[in-house]
Amino acid sequence: MNIDRHNYEEFFLLYVDNELSVPERNMVELFVQQNPDLGKELQLLQQSIVKQDEVVFEDKDSLLKDESFTPMQEQLLLFADDELPLTEKMQIERLLATDTAAAGEWKILQQIKLQPDAGMVFPDKRSLYRTEGGSV
C-alpha cells in the first residue's frame, strides 16, 4: 500500500507507535520529505508520546502481610471459638477485664465473628431432611 495525502494519518500514527516495518518507515520519511507541510503534523504526533518513567520499589517485602498471630491473638481466637479448657477460659476472662490491649483485640474479634439471627425461624424444618427410600 502506498502513502498519499488521503491515508497519511494512519501511516503517521503507526510510525509514531513504532509499528511499521523498516521499508514502511522509510516510505513515511520519504513522504515527509516530499510534503514538508505534513512534516509538522508528524512532529506534533511524535511530541505527544509520553515516555514511561522507570519506577523501582526497593522494599517489596514490606508489602507482604504478616500472617503470624501473637500468642494472645491465638488464645483469643480459641476463646472466641469456645475451644479452651475451663481454666484457660477463666484466665482469658480475667485478662480481658484488666488488660486494655487484650480487650481491644477481643472487641475486634467480636466484630468479625458472625452471629446467627435467632429471629429467623423456618417453620417446616422436617422438609429439609433427606429421606432414604426403601432398600432394594
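Over the ring of which residue does the charged end of Arg25 sit? The charged end of Arg25 lies over the ring of Tyr15, 4.0 Å from the ring centre; a charge sits over a ring if NZ of Lys or CZ of Arg is within 6 Å of the ring centre and within 35 degrees of the ring normal.

The model is predicted, with local features requiring pLDDT of at least 70 and side-chain atom pairs counted only at pLDDT 80 or more, while totals for chains, interfaces and linings use all residues. Residues are numbered from 1 along each chain as its sequence is written, and side-chain values use heavy atoms, with hydrogens and water left out.

Aromatic rings also meet one another. Rings of Phe, Tyr and Trp (its six-membered ring) pair if their centres lie within 6.5 Å; planes under 30 degrees apart count as stacked, over 60 as edge-to-face and the rest as tilted. By this rule there are 4 aromatic pairs. The pair of Tyr8 and Phe31 is stacked, because the ring centres are 6.3 Å apart and the planes stand at 25 degrees. This pair links distant parts of the chain, 23 residues apart: Tyr8 belongs to helix 1 (residues 8-16) and Phe31 to helix 2 (residues 22-34). Helices here are DSSP runs (H or I, at least four residues), numbered from the N terminus.

Phe31 is buried at a relative accessible area of 6%, where buried means under 20%, exposed over 50% and partly exposed in between (1.4 Å probe, protein chains only). Phe31 also pairs with Phe12: the centres are 6.3 Å apart and the planes at 65 degrees, so this pair is edge-to-face. Phe12 lies in helix 1 and Phe31 in helix 2, 19 residues apart.

Methods: Helices (H or I, at least four residues) and strands (E, at least two) are DSSP runs, numbered from the N terminus.
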